[in-house]
Amino acid sequence: MIYRYETHLHTFPVSKCGHATVRESLEYYKSAGYDGVFVTNHFVDGNINYDRHAPYEELIAFYLTDYYEAEKIGKEIGLKVFFGVESTYSGTDFLIYGLTPEWFIAHPEIHEMRKQKPEQLAYFREAGALVIHAHPFREADYIPYIRLMPRSVDGVEIINANRSEFENEMAKHYAESYGLLVTAGTDNHRGPNQTKFAGMQSDTPIEDVADFIRRVRDGSMELFYEEREISE
Ligand SMILES: [Zn+2]
Ligand SMILES: [Zn+2]
């Protein structure tokens, strides 16, 4: 038996660029046989569907609405739902695993730290987070240059289903050269309309986020990549 996990998922309305609701996304992953998903919407420093100048308290409350809905739907349909965050630094993105919604509510000071990214990432890691550089070699017109912060992260997303083979290959070289941990994820913004998938799998189910982090650290999970037809 193989237990599969989506590690990089965006939902609408919290992610402004998301095209699928929480329910559409979760029901798809359930039907595709996944054991669980991490909901990793763009954080309040990024492409969130809300006035970014609003107070942090208001932003974080909005931010968490999709996750709370996902938790509820996950219980209803029998899919594990885990919390994650994709934090940005002008186009350089980091996936943060291992901190809870309550932690983010209790730490508004991180919002001020967003412009000093190395300090902010260090702060997350001191609090117990696993920090993964998402698609480090992504090229796009809104990304002026590729920035690497090898001493500020635990690992690298070396397979992102929405990046080119070249970008993923470069990410792999980067991770290997610096001895960084590795993950795979889809970066799914389209729920059931996504055709390329990447993620992590294991022959035993993961218990919780701490268990996931342990397994990423000891390299005991497998990375997978797969292309599928749109089901309907
Ligand atoms: Zn996005
Ligand atoms: Zn993403």
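**Exercise 1.** Find what the buried residues of α6 pack against.

*Solution.* Start with the terms: helices (H or I, at least four residues) and strands (E, at least two) are DSSP runs, numbered from the N terminus. A residue is buried if 20 or more other C-beta atoms lie within 10 Å of its own, exposed if 12 or fewer, and partly exposed in between, with C-beta atoms placed from the backbone. In α6, the buried residues include Asn168, Ala171 and Ala175. They lie on the same side of α6, because they cover an arc of only 55° around the axis (the arc is that of the directions from the helix axis to the C-beta atoms). Their packing partners are β6 (155–160) and β7 (181–185), where contact means C-beta atoms, placed from the backbone, within 7 Å.

This is a predicted model, where local features need pLDDT of at least 70, side-chain atom pairs count only at pLDDT 80 or more, and totals for chains, interfaces and linings use all residues. Residues are numbered from 1 along each chain as its sequence is written, while chains are lettered from A and ligands numbered from 1 in the order in which they are written.

**Exercise 2.** Now look at the face of α6 turned away from its buried side, and list its exposed residues.

*Solution.* That face carries Glu165, Phe166, Glu176 and Ser177. Following the chain onward, you reach glycine 179 after α6, with a positive phi near 65°.

Technical notes: Contact = placed C-beta atoms within 7 Å.
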